[in-house]
Amino acid sequence: MASEELAQKLQRRLQLEESGTVAEGEAEAVKGAVAAGELEERSCLTASAGAELSAKLCRRQDINEGAAQPRRAAVFNPYTEFKEFSRRQIKDMERMFRLYDSGRDGYIDLMELKLMMEKLGAPQTHLGLKNMIKEVDEDFDGKLSFREFLLIFHKAAAGELEEDSGLLTLAKLSEIDVSIEGVKGAKNFFEAKAQALSSASKFEAEIKAEQDERKREEEERKHRRAAFRELKSAFTQ
């Protein structure tokens, strides 16, 4: 009804402007009606905003009021944050994460987690999958980032997961060689401390081993290229 009234007023103004007889008071009234129509249109757009935008605005308000923590930076260093794992273990976890990140968006959503658990031979209900994500979903986005995926193995190794937890099942059934004992499995404090002190040297040794492996691969490629050139020159003579 308001739109029809606005259209009539606009048409009336155009007719008056064409005839050159538009009065000042009536022109102001038409302008006011146009402004009211635009305001009404903006209100309709705001009211029809999606639930996702509303949720984001509510979360931003919670962060500003101190009721929620801001999300962690998307980029992090897994080798320094998860020092209890070796570089090879973390790379194995990364390969597993990428294998099931079928959307290639850097996350494992509920459907991708469902497929993972089915492949591991431990299918979960829809509610079970949601609870699995909820256990490590620090940013409350309903999916697993790579950091949150690593948290699964961190919690499993530290004995922080319940026996009936789907995440513990995931950690046990994965082919990643991670001891599901952690701090609770250490014989005493001194053994745990010795393990922590040796982690730095172990980290350096793994880096050196990777560098040596890359050097060997490069040498092999050079030898293959040289052999290919010799073979090619023998045929061209």
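**Figure 1. A salt bridge joins the side chains of Arg147 and Glu81, with N and O 2.4 Å apart.** This pair connects distant parts of the chain, Arg147 lying in helix H8 and Glu81 in helix H4, 66 residues apart. A salt bridge places a side-chain nitrogen of Lys or Arg within 4 Å of a carboxyl oxygen of Asp or Glu; helices are DSSP runs (H or I, at least four residues), numbered from the N terminus. The model is predicted: local features need pLDDT of at least 70 and side-chain atom pairs pLDDT 80 or more, while totals for chains, interfaces and linings use all residues. Residues are numbered from 1 along each chain as its sequence is written, and side-chain values use heavy atoms, without hydrogens and water.

**Figure 2. Arg147 also forms a salt bridge with Glu138 (2.6 Å, N to O).** Arg147 is buried at 11% relative accessibility, whereas Glu81 is partly exposed at 33% and Glu138 is partly exposed at 38%. Buried denotes under 20% relative accessible area, exposed over 50%, and partly exposed in between (1.4 Å probe, protein chains only).

**Figure 3. Helix H8 (residues 146-157) is mostly covered, with ten of its twelve residues buried.** Its buried residues, including Phe146, Phe149 and Phe153, pack against helices H4, H5, H6, H7 and H9 (contact: heavy atoms within 4.5 Å). Just after H8, Gly159 adopts a positive phi of about 70°.

**Figure 4. In helix H5, Arg95 and Asp92 are three residues apart, about one helical turn.** Their salt bridge has its closest N and O atoms 2.2 Å apart. Arg95 is exposed at 52% relative accessibility, and Asp92 is partly exposed at 25%.

Technical notes
Helix = DSSP H or I, 4+ residues; strand = E, 2+ residues; numbered from the N terminus. Expected span 1.5 Å × (residues − 1).
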